Structures are given as C-alpha cells and as structure tokens.
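Good morning, and thank you for coming.

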Amino acid sequence: VEARSTCSMEVEKGLNDKKENEDHAKESDSDYVGSRTLAFPSISTADFQFDLDRASDIIVDTAADFLQKFDDLRLVLVDLSEKSRILSLVKEKASKKSIDGNRFFTFVGDITQLHTRGGLQCSVIANAANWRLKPGGGGVNAAIFNAAGESLQHATKKCADALRPGTSVAVPLPSVSPLQQREGVTHVIHVLGPNMNPMRADYLKNDYAKGCKILHEAYNSLFENFASIAQ
Ligand code: AR6
C-alpha cells in the first residue's frame, strides 16, 4: 500500500486515485448503508470484448435513471486497477451529467474483498456471469465463485439453470458462505451481458445495435433486481 501512494501522486486527472477510495470507504462503512449499496463490475468489457466507450455511456445512463427512481439506494462500479479505463470513462461521464457522487461512484478493488480490503460495505454484489451460470472461466465470475465457496453454486442452481443475454438472476447467499461471513455480502446477482468475443457463446459479430440494446437491458435488469432486494 505504501509503495502505491507514490504512484497515485503522479496520477493526474482521469485515473482513479486511492484517496477517493478511502473517502468513500469512510462515508459508507455501516450495515445501514451497506444494505442499500450495490457493487458491480463492468459487464461484458473484458472477456466479452465489448467496446468501452459505448459501455461507459450505457452504465452512466442506466445508473442515472435508476438513481432518479430510488432515492435511498447507491451504486458502485468496481474494477481491479487504478488504471482501469472503464472506471475513468464512467467517472468523467458521470461528472459531466452532474450525478450525485455519493450515490454513484467508482471504486478500485477486488469485488470479493470490498469490506476487508477496501473498507466498503456492500451487501449486494453483481457478477458478470456466463450463460450456464457455472463457476470458473476467469474474470470476475471465477473470483466470485471462488470466494463464495460451493454454497453459491447450490444456491444458484435453486434459482436458475441458465441466463439469456440481457437478463439477471438474484441469488441469496447462504450464511455459511465465506463471502457473507467475511464481507457481509447477502446476495449475488448474476448478469449475462452481450458477447463480442468469437470464442464465446452468443457471439454478436460486432453488431453494436443489438449489443447496446442487450447491455442496456442487462443493467436495467441488474438494478431492478437490486431494488427489489433492498426494499
Ligand atoms: N473484482 C472487480 N472487478 C473485476 C474482478 C474482481 N475480482 N475480476 C475482473 N474484474 P470479465 P465479461 C473486472 O471478463 O467481459 C467470465 O469468464 C474486469 O476488469 O470478468 O462480462 C464468465 O464466465 C472487467 O472490468 O466479464 C463469462 O464467460 C469486468 O470485471 C465471461 O468471462 C468484467 O470482466 C464474461 O465476460
């Protein structure tokens, strides 16, 4: 952590700095706030190769609509690196739209360790899933299934066998799960986004008209599922 503080001093506008992380963590480390906070990764923009600029527009638009509808809920976009381009794009576009920075912000960290490593309490986290809802496959899906232990697989199976692109399913996390015990996560919402990777199922062959529509639907479905859990 010490070594990184030198780097973040060199980081100019546009990158995601550590101090902001800490400020948000301080404001929000309570169960009350935690149960009203959704942490989510950027759906489709790594393994599924979706264009980052288009994705950031969709994230900011759907988040803004959601915050208008639900005035006591919060959304946090998470990515692993301070150099995350999707975090920078979203931050820039959200501030241009004057979105309330306490109710929608970006956070650098591992979504499976937000409380213990980041000091941020989020009861609900989203997963960028695959259509079979299977563990593994790398990315955030592998991280969440690993951190949650086998009980997430069983709990997921009880809720759904598969997902269509643009849809999501909310899974209550069993209390024995390490993710609930350590991090206070009560629900995982699996989301299937549009796929622009020819090596994966439902490949959209660069059809961004369709892809953007599906990504919109995916975030709307995710946020609606979150709202019904939080209320
Ligand atoms: N914490 C926070 N963000 C993360 C983490 C983490 N532990 N790990 C990755 N990210 P991806 P996709 C970010 O590839 O593009 C899987 O194999 C990452 O930097 O996980 O929707 C599934 O099984 C990026 O910003 O999801 C599917 O087959 C974001 O999470 C496929 O990949 C999403 O990256 C889904 O691909």
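In this predicted model, the ligand is surrounded by 24 residues. The closest of them are Ser44, Asp79, Asn130, Gly137 and Val140.

A polar backbone atom of Asp47 lies 2.9 Å from an oxygen atom of the ligand. For Phe48, a polar backbone atom is 3.0 Å from a ligand oxygen atom. A nitrogen atom of the ligand, in turn, is 2.9 Å from a backbone N or O atom of Ile111. How much of the ligand's accessible area does the protein cover? On its own the ligand has 700 Å² of accessible area, and the protein covers 91% of that.

My second topic is a pair of helices. Two packed helices are described by the angle and the distance between their axes. Here, helix α4 spans residues 52-69 and helix α9 spans residues 208-230. Their axes come within 10 Å and cross at roughly 35°, and the crossing of α4 and α9 is right-handed.

Which residues meet at this crossing? From α4 there are Arg54, Ala55, Ile58, Ile59, Thr62, Ala63 and Phe66. Their partners in α9 include Tyr208, Cys212, Leu215, His216, Tyr219 and Phe223.

Definitions and conventions. Residues numbered from 1 in each chain as written. Predicted model: local features only at pLDDT ≥ 70, side-chain atom pairs only at ≥ 80, totals over all residues. Heavy atoms only, no water. Axes fitted to C-alpha atoms, helices over the stretch in contact; angles between N-to-C directions. Helix = DSSP H or I, 4+ residues; strand = E, 2+ residues; numbered from the N terminus. Left-handed = near helix turned anticlockwise from the far one by under 90°. Contact = heavy atoms within 4.5 Å. Near = heavy atom within 4 Å. Polar contact = N/O pair within 3.5 Å; in protein donor to acceptor, adjacent residues only side chain to side chain. Areas by Shrake-Rupley, 256 points an atom, 1.4 Å probe, with all protein chains shown as cover.
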